[in-house]
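Morning, everyone. I have one structure to go through today, and I will take it region by region.

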Amino acid sequence: MMRFPSFPAGATVLLVASLIAGCGGSDDNNDASPDAGDSASVDGALPVGSAPSTDLDGVEKIGIGMGDMDPTTTAVISDDEGAPVDTSTAAVSSRLSALEEQQGDLFEEFQYKTQDLNDAMAAHIAEVAASLAALTARMEKAEAGINKANERLDALEKKITTVAAQKARVASARAAARRDQPTAPFLLTGVESRGGIDYIGVTPRSATGLADIRFMVIGDQYQGWTLSGISERFATFRVRRETVTVPFSSSDPAP
């Protein structure tokens, strides 16, 4: 749509007056100066009073102004001319397509890597589960062995306790027997063999010399004690229906 320049109110009045004057003059008298009649005709043609401002306001409302358009530089665009094609739209569409394709490739690669990771984790979990199962079996076996060893230890402790009690009873019985059996009123000096026969030397506890030594063979009797056996360390006697072991004086008491 064409836009027209706007003019001030005074300039508009002068322009209209000039146009009227030009229209009223003759073509033949263009060189002559205007006379009083011409001025009167102009004055009669022009309306008396100041120019109405309503028309100018209407012109301003429709956008006619000097500041709106430069008639020397502004090109007039017709309504039937087509808008210029935006070449950047094709580039954006191409870039968007490339990004969408790249996104699809990345998503597919991510799926592959995720599947590989899941497979690796599943294999690792299975391996750990197998190790735990084997460790559990070993622990159960070790626990069974420990229980068995504890049972053996308990049995051994019971056996040791029983043996110790038996030994204590035997020792107590021996001590009681030693306390109860009579004490020999003599001492044994040793063993002497004569003609293949063994003799033992017996002396009273109050003996003072070799003249007090008496030799006995098995079956001999001395102060009510009958010799019944001879060994390297002791001799056995029978007295009051009991058998008493008497060690040699140079030996420890027989068990």
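Lys113 meets the side chain of Glu109 in a salt bridge, at 3.3 Å from N to O. By salt bridge I mean a side-chain nitrogen of Lys or Arg within 4 Å of a carboxyl oxygen of Asp or Glu. Glu109 is partly exposed, at 37% relative accessibility. Why are Glu109 and Lys113 separated by about one helical turn? Because they are four residues apart in helix α4.

Before going further, a word on what this is. It is a predicted model, so local features need pLDDT of at least 70 and side-chain atom pairs count only at pLDDT 80 or more, while totals for chains, interfaces and linings use all residues. Residues are numbered from 1 along each chain as its sequence is written, and side-chain values use heavy atoms, with hydrogens and water left out.

On confidence: pLDDT is the predictor's confidence in each residue, from 0 to 100. The chain has a mean pLDDT of 74, and 62% of its residues reach 70 or more. Residues 51-69 stay under 50, and the model has 19 contacts for them beyond four places in sequence. Residues 71-83 are also below 50, with four contacts beyond near neighbours in sequence. A contact here means heavy atoms within 4.5 Å.

Now the overall layout. The protein chain has four helices and seven strands, and along the sequence the pattern reads α-α-α-α-β-β-β-β-β-β-β. Helices (H or I, at least four residues) and strands (E, at least two) are DSSP runs, numbered from the N terminus. Of the 255 residues in the chain, 12% are buried. The accessible surface comes to about 20,100 Å², and carbon and sulfur atoms account for 58% of that. Those areas come from the Shrake-Rupley method with a 1.4 Å probe; for residues, only the protein chains shown count as cover.

Back to helix α4, which covers residues 87-180 and includes Met139. Met139 is exposed, at a relative accessible area of 54%. Together with Val128, Leu132 and Leu135, Met139 forms a nonpolar surface patch of about 370 Å² accessible area. Patches are made of residues with over 30% relative accessible area and no salt bridge; like charges are joined within 9 Å, and nonpolar side chains (Val, Leu, Ile, Met, Phe, Trp, Tyr) within 5 Å.

Next, the strands. Strand β1, residues 186-194, pairs antiparallel with strand β2, residues 197-204, over eight bridges. Two strands count as paired if DSSP finds at least two bridges between them. Within that pair, Ser193 is opposite Asp198 in β2. The two strands make a hairpin with two residues between them, and Gly195 in the turn has a positive phi of about 60°. There is a salt bridge here too, between the side chains of Arg194 and Glu192, at 3.2 Å from N to O. Arg194 is partly exposed at 38% relative accessibility, and Glu192 is partly exposed at 32%.

Gly201 is opposite Phe215 in β3.

What is the strand order in the open sheet of four strands? The order is β4-β5-β6-β7, with antiparallel pairing. The edge strands are β4 (221-222) and β7 (242-247), each pairing on one side only. Strand β6, residues 234-239, pairs with β7 over six bridges, and Phe237 has Val244 in β7 as its bridge partner.

Thr236 is in strand β6. Buried or exposed? Thr236 counts as buried, at 17% relative accessibility. Leaving out residues up to four places away in sequence, Thr236 touches several residues, including Leu227, Gly229 and Thr245.

Last, the loop between β6 and β7, where we find Arg240 and Arg241. Most residues other than glycine have a negative phi. Arg240, though not a glycine, has a positive phi of about 50°, and the phi of Arg241 is also positive, near 60°. Arg240 is exposed at 63% relative accessibility, and Arg241 is exposed at 82%.

Key
Buried < 20%, exposed > 50% of the residue type's maximum accessible area, 1.4 Å probe, protein only.
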